[in-house]
Amino acid sequence: MSGEKDLRVLLSGMRPELNPGRYVFTTVGGPAGADGPGGIPAGVTPVVTVAEREGLTLVARLEEADAAGLPYDYVAGWITLRVHSALEAVGLTAAVAQELASAGVSCNVVAGFHHDHLFVPYERAAEAVALLEDLAGRSG
């Protein structure tokens with residue numbers, strides 16, 4: 001099941017959806033090669049994991065990170081672009097990042113198999129959705 005590649009179709013049909021909750025980026029484990037990435041603490045169900053040399057990055061609910069005593073600096077809202085984008089599609093990430101950057105909204109993008117996921121400052125998440133909805137409307 002391949003995703004959409006046409007940038008105009010991707011932008012006009014992205015349907016940004018704000019997922020409920022607050023999410024944080026944290027890390028567990030030590031450098032790979034020493035002990036390798038550490039385990040995910042009990043009670044933490046990450047929505048994203050990334051294995052890095054320095055440890056395992058987790059994006060998880062703020063409440064779960066707090067309960068596990070995990071450190072974090074950045075609290076994010078999680079936006080899912082509901083359009084099924086092809087992994088080889090060109091320009092969607094750039095267009096979305098440019099739209100948010102022009103409003104001074106930081107954005108961390110994660111590509112899933114079916115959708116792109118954006119993590120933006122929690123206090124600006126509703127604004128980010130509105131900006132993306134406006135971009136979608138201008139792209140149709």
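**A buried glutamate and its setting**

Tutor: Glu 99 is buried, with a relative accessible area of 13%, where buried means under 20% relative accessible area (1.4 Å probe, protein chains only). This is a predicted model, in which local features need pLDDT of at least 70, side-chain atom pairs count only at pLDDT 80 or more, and totals for chains, interfaces and linings use all residues. Residues are numbered from 1 along each chain as its sequence is written, and side-chain values use heavy atoms, with hydrogens and water left out.

Student: In which helix is the place of Glu 99?

Tutor: Helices are DSSP runs of H or I with at least four residues, strands are runs of E with at least two, and both are numbered from the N terminus. With residues 92–102 forming the helix that holds Glu 99, the name is H3.

Student: Which residues is Glu 99 in contact with, leaving aside its neighbours within four places in sequence?

Tutor: Contact means heavy atoms within 4.5 Å. Once the neighbours within four places in sequence are set aside, the contacts of Glu 99 are Leu 131, Asp 134, Leu 135 and Arg 138.

Student: What pattern does the protein follow along the sequence?

Tutor: The secondary structure comes to 4 helices and 6 strands. Read along the sequence, these follow the pattern α-β-β-β-α-β-α-β-β-α.

Student: What percentage of the residues of the protein count as buried?

Tutor: Glu 99 is itself a buried residue. Of the 140 residues of the protein, the share that counts as buried is 38%.

How values were computed:
Buried < 20%, exposed > 50% of the residue type's maximum accessible area, 1.4 Å probe, protein only.
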